[in-house]
Amino acid sequence: MQMFRKLCVGFMVLAAANLLAMPAVQAAGETLEIVTKRGHLKCGVSQGLPGFSTPDNRGNWTGIDVDFCKAIAAAIFNDPSKVKFTPLSAKERFTAIQSGEVDIIARNTTWSMHRDTALGIDFPVVNYYDGQGFMVRADLGVTSALELDGATLCTNQGTTTELNAADYFRANGMQYEIVAFEKADESIAAYNSGRCDAYTTDHSALYAQKLKLSQPKAHIVLPEIISKEPLGPLVRQGDSSWNDLVRWTHYATVAAEELGVTSKNIDKMKASSNPSVRRLLGLDGSFGSNLGLSKQWAVNILRAVGNYGEIFERNVGVKTPLGIQRGVNALWTKGGLQYAPPIR
Amino acid sequence: MSAKTWTPTPARPAPANTVGFVGWARENLFATKFDSALTVFCAGLILYVLDVVFGWAIVDASFSGEDRNACLKQVQGACWPFIDAKLGQFIYGRYPEMERWRVDWVFALGLLGLVPLLMPKVGFKRANVIFMLGFYPLFSFFMLTGGSFGLVPVETSDWGGLLVTLVVAVTGIVGSLPLGILLALGRRSELPIVRALCVGFIEIFRGVPLITVLFMASVMLPLFLPDGVNFDKLMRCLIGVALFASAYMAEVVRGGLQAIPKGQYEAAAALGFGYWKTTRLIILPQALKLVIPGIVNTFIGLFKDTTLVLIVGLFDLLGIVQLHFTDSSWATPETHITGYAFAAFVFWVFCFAMSRYSIFMEKHLSTDPNQ
């Protein structure tokens, strides 16, 4: 028995040491170097989320999160196809990044303090500001969530969605009744059949679920956003140059939109005399080399996926079936939150 | 004396209402008032269900189109263009289109080897078994993974759909039967260490849900492995599924072993047979025949359990169908119903085939003269 106990303790210590040692071991290796040597980027995405990472008819991944990884691949290899996507479930995503199975995760993950500080991961940047919203029937005549007093809400069980809705209604002194379902498909079906006045979930998902209604046009998404869900890519903690590279890949696309550089006019813009444009396109200075990339890094990104506006419109914008407005994801100059520090 | 021979009058035909369809119906469907009521009720129910299914699958369904606009009618039934557009994905997953012929070859050769193997009348069984268990797995492995013989390597993370379902199920089935037999024999062994090991293995794997086994294999294992060592995810699942299924198989086989009367062992011993000879020639043939329904039951359960690999990020048939629900260019109220119906049908075809074959084998192997 003594022996057995000793063995158990020994095993547990070993396991704990292994777990603790993990991030340190990973940090020692420069991620960029490993990726370059391997010849492709390993990117974790979701197991299917409309507009963020979803396969088309031929199985190619598309979406905002997918384009993010393609942009990084373009920045490193000047080839957006040099990325391997690994679909990860919500449960295994953090293990996958900690164990080095993937180099980066772009998987609609909410940046929260707990995750940032306790899980050995870093969130370099926010590439999509999401938040909980409401959908109602257009003929209800409601134009604001503040008019929902006494409404019945359909939502998913056991999620923060339920709590957020409760907080919002209480804070505004309104009566409500929640009907919660196990699965998203069940709640949207209940809403569709008229069981509830409103359906509530994250804004981007509202638009995706709307397509499953029998008459999508008869429903509207209300403008209010009642919770903060900043979605962004995440990397292992401890490699700050990799962190920088990921962060500036996003900022390059935002800066390009701000400066009016698109994937189409990029060659014309090279003749621009605007110093900001010249710095972005690597004509002045050598900002790419500080990231360990070529001078052309931003040009490569923009040729591959376009600027932030193009990425947004192509994947979730008003011309796609999802039809999401820019809203808080507009540039800061247009009243949104997308803001890139200057490249200088 | 004129002999008067008695000739019976020819038998009159049975009353018209006791023969043919009418007679059959009177006896089986309308024998009593209660029977009649039941018949009418059931016929109504069947007609109603058929009407709903037919209306959904054919009358109100869409059959052609390029995107979701094809499936947005006022009264919409099944959205078949979705299946049509995604069929390649559902069968091969993200296996590169240029390389799909390799999967086709593996499927075709498997069918070619399996069909004669399953038909008792076809000869060359020994050669066929060597082919299916020796050559075929190696052939499939090199064909599917590539990387040698001038074939482009295809990583298992790109496999998907029916391909993954079949690879997991077939490996599980082929791996679990011999392993299960060994475990069952081990559990009944008189050697204490062997017995303890087998009992421990069986009880641990039977006591843990498959989802946990898979989860351990995919989430815990990488944390304990040294840095850079990365087991293939599909491989981890294959091993997990095979071990799990073998624990169940062992208990099924043990049931058969226990049903063999003691006289069989004694008769074998009287003939001077040793343990292995007794087991191989006397006990196992009888025991396995007894438990064919149980074995096939386990196979069918295993086949359907393969859908659980979704939680470790592998896309089997059901997983890839669900994945494609998220394609917003196909999102309609009917898309997911159509997709689930399709997946259910494919699973049903496989399971039903297995079930029918097991009945056929039971009859074929039966030594009961009354059958």
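A quick note before moving on. This is a predicted model, where local features need pLDDT of at least 70 and side-chain atom pairs count only at pLDDT 80 or more, while totals for chains, interfaces and linings use all residues. Residues are numbered from 1 along each chain as its sequence is written, with chains lettered from A and ligands numbered from 1 in the order in which they are written.

**Stop 1: chain A as a whole**

Now colour chain A by pLDDT: the mean is 86, and 91% of its residues reach 70 or more. Switch to cartoon and you have 14 helices and 13 strands to look through; these are DSSP runs numbered from the N terminus, helices being H or I with at least four residues and strands E with at least two. Among chain A contacts with a separation of 6 or more, 70% join residues 24 or more positions apart.

Buried residues make up 44% of the 344 in the chain. Buried means 20 or more other C-beta atoms within 10 Å of a residue's own, exposed means 12 or fewer, and partly exposed is in between, with C-beta atoms placed from the backbone.

**Stop 2: two asparagines**

Select A:Asn78, in the loop between α3 (64-77) and β4 (83-88) of chain A. Its phi is positive, about 55°, although it is not a glycine. A:Asn78 counts as partly exposed because it has 17 C-beta neighbours inside 10 Å.

Next, pick A:Asn108 in strand β5 (residues 104-110) of chain A. Here too is a non-glycine with a positive phi, of about 30°. Buried or exposed? A:Asn108 has 25 C-beta neighbours inside 10 Å, so it counts as buried.

**Stop 3: where chains A and B meet**

Show both chains: 34 residues from chain A and 28 residues from chain B take part in the contact. On the chain B side, select α3 (80-92), α8 (210-224) and α13 (317-325), the elements giving two or more residues. The largest share, five residues, comes from α8(B).

Definitions and conventions:
Contact = placed C-beta atoms within 7 Å. pLDDT = per-residue confidence, 0-100.
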